[in-house]
Amino acid sequence: MASPSSLAVAASRYGKLWGRGHETFGPTIRRILSVKGSSDNATKYLQGLVTCDLKSEPSAPRSSVRKMKSADSDDRMAAEGSTAVVDTDGGDVESTPKVNGPPPVDVKFTSNMRSTCFLDARGRILTDAILWKRPFVDLEPKDDTTQETEDGEEEYLIDVPGDTADLLLGHLKKYKLRRSKVKINDLSDEISVHCVYGTLNAEGTPPGFMAAVDPRHPSLGMRILSTAESSISPATPPQPMDTHEQRKEAFAEMMHTFFPSSNGTYSVIRKLAGVAEGSELAGKTALECNQEFLNAVSFQKGCYLGQELTARSQFTGKVRKRVMPIMILDINTEVPRPWVLAHMIQELGTDVLKESDDGKGRGIGIDLGGEEGPPPPLPQMSSSGVGSIVSMLQGSVAKTASVIQDGSSGIGEGIEEEVTAEDEEALKKMRDTSEALMNDLSGVAVKGAHIVDKKDGKKIGQVLSSPAPGTPIILAQMRLDRVGLLEGKEMWSRTNRILIGDSKKEFRYLPYMPIWWPGVDPQTGKELPED
């Protein structure tokens with residue numbers, strides 16, 4: 001098992017983790033469907049219906065660590081035999097000496113759990129899903145041997161959002177031929193889905209449980225399945241696990257000491273992380289929904305239902321719209337520093353920002369950090385980073401001094417100052433403004449509502465989900481040229497004003513890039529090729 005220090009380093013590679021907690025999803029929130037067959041029949045059947053490649057190893061989620069490059073450190077790093085890395089979500093720069101032992105243990109992901117999508121014949125998304133493969137056993141590879149025996153039985157458990165489960169079940173049965181040697185069942189009453197936050201360790205799972213770090217990104221938590229055969233601990237008396245409520249209670253008893261109940265947390269985390277699910281994705285293309293960034297799409301596998309549109313989107317043309325999180329503000333609220341800097345980057349360019357004043361009014365001399373390559377045109381943040389900004393805007397955290405700013409979110413930790421009466425009054429005003437904003441958004445930021453730029457009256461996006469509980473963060477399908485990620489005549493501005501739905505009230509939108517996004521090519525709207 002990885003040491004705590006190693007896990008801390010590994011955690012920094014994927015941004016700051018959410019606080020510890022757990023929750024159990026009800027059958028209406030997550031459902032479990034089963035595709036079971038002898039030998040590799042289940043794999044062959046699903047291979048023609050899913051966007052991922054079941055016959056190859058899945059890729060690990062993209063790390064948020066970028067290498068640092070500076071002229072005065074190259075020689076020193078080479079001499080010490082170490083590599084400097086920086087967490088783009090604001091972690092401290094670390095040096096990992098090669099001479100002082102092995103590199104830190106990375107997060108362990110299993111090939112028996114992967115993210116995917118199911119498409120219709122047009123290539124449009126029916127739903128996303130997480131595939132669990134049973135038997136859920138990771139074996140060390142030896143001489144290219146496979147886990148299943150020729151006569152063995154394999155089963156895929158499809159962890160699917162509840163609002164698209166019936167649609168997917170009908171889809172699976174529709175494409176099951178008479179000669180298909182697979183069985184399709186709904187096991188939602190027999191298997192419960194849980195999620196644990198604040199950890200990257202899925203090892204040491206009790207008998208009957210299946211656990212793994214979310215294959216899309218570790219910040220989404222560790223996912224766990226429990227069945228009637230699950231056992232809390234050999235030392236405890238057996239507990240009935242036949243019903244969902246029994247499994248929920250037993251799981252809560254097992255977790256409550258270190259991971260308290262946090263019902264509703266997953267909905268907040270995934271929306272702040274910019275991950276749309278279920279019916280939010282319906283009718284859209286895989287690339288518009290960033291599924292290739294979440295390792296849910298393979299562009300190397302053979303034919304599958306809906307492949308033509310997906311492949312054409314990747315290899316030709318541009319991706320002009322993408323699903324992304326945006327923060328909605330009152331137009332009188334001060335724009336946080338990360339978006340002020342993003343506005344300057346988009347308006348002036350990084351070269352002008354980094355250069356010193358040359359006496360002709362050019363060059364500002366802003367320190368943009370030492371990252372290799374220019375910073376992105378929008379802030380890039382994790383769920384916890386965005387949550388910190390939301391808390392400050394809502395007056396939920398005290399003012400701090402000696403704050404260490406991070407390069408992506410403008411948020412840091414510092415020593416708390418004594419809160420004066422003037423500060424209390426300012427915090428109360430922030431809380432009142434936030435409460436009024438949330439009341440306004442609850443009525444207008446509904447699924448399907450259009451986002452219109454007040455400047456020219458054009459539609460620049462569409463709301464996919466209501467605000468994450470307690471926050472002004474929504475998921476929307478946005479035009480990339482209107483957020484500064486695709487070249488166009490218009491750029492994103494921190495002084496923008498928008499209308500949402502039929503409301504006449506003006507808002508301001510602050511888009512940001514989730515931490516799991518790669519760089520976006522401004523010419524194509526696709527992943528920026530590596531140098």
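Mentor: Let's start with one term: contact means heavy atoms within 4.5 Å. By that rule Val463 touches Ala445, Val446, Lys447, Gly448, Ala449, Ile451, Ile474, Leu475, Ala476 and Ile500, leaving out residues up to four places away in sequence. This is a predicted model, in which local features need pLDDT of at least 70 and side-chain atom pairs count only at pLDDT 80 or more, while totals for chains, interfaces and linings use all residues. Residues are numbered from 1 along each chain as its sequence is written, and side-chain values use heavy atoms, with hydrogens and water left out.

Trainee: Why is Val463 called buried?

Mentor: Buried means under 20% relative accessible area, exposed over 50%, and partly exposed in between (1.4 Å probe, protein chains only). Val463 has 0% relative accessibility, so the buried label applies.

Trainee: Where does Val463 sit?

Mentor: Val463 is in strand β18, residues 459-465. Helices (H or I, at least four residues) and strands (E, at least two) are DSSP runs, numbered from the N terminus. Ile474, one of the residues Val463 touches, is 11 residues away along the chain, with the two C-alpha atoms 7.1 Å apart.

Trainee: How many helices and strands does the protein chain have?

Mentor: The chain has 11 helices and 22 strands. Of its 531 residues, 49% are buried. Among contacts between residues at least 6 apart in sequence, 71% join residues at least 24 apart.

Trainee: How do you know that the span of helix α5 is close to the expected one?

Mentor: The expected span of a helix is 1.5 Å times one less than its number of residues. Helix α5 (residues 244-255) has 12 residues, and its reach of 16 Å from first C-alpha to last is close to the expected 16 Å.

Trainee: What makes the pair Asp159 and Arg223 a polar contact?

Mentor: A polar contact is a pair of N or O atoms within 3.5 Å; within protein, one must be able to donate a hydrogen and the other to accept it, and residues adjacent in sequence count only if both atoms are side-chain atoms. The two side chains meet at 3.2 Å, so the distance passes. Asp159 lies in strand β8 (residues 153-161) and is buried, with a relative accessible area of 0%. Its contacts beyond four places in sequence include Arg30, Trp132 and Arg223.

Trainee: Why is the pair Asp330 and Lys505 called a salt bridge?

Mentor: A salt bridge is a side-chain nitrogen of Lys or Arg within 4 Å of a carboxyl oxygen of Asp or Glu. The closest N and O atoms of Asp330 and Lys505 are 4.0 Å apart, so the pair meets the rule. Asp330 is in strand β13 (residues 321-330) and Lys505 in the loop between β20 (498-500) and β21 (507-511), 175 residues apart. Asp330 is buried at 16%, whereas Lys505 is partly exposed at 33%. Lys505 also forms a salt bridge with Asp440 (3.9 Å, N to O).

Trainee: How close are the N and O atoms of Arg482 and Asp456?

Mentor: They are 2.4 Å apart, and the pair forms a salt bridge. Arg482 counts as buried at 3%, while Asp456 is partly exposed at 31%. Elsewhere, salt bridges that share partners join Arg30, Asp159, Asp214, Arg216, Arg223, Arg270, Glu277 and Glu280 into one network. The whole structure has 26 salt bridges.
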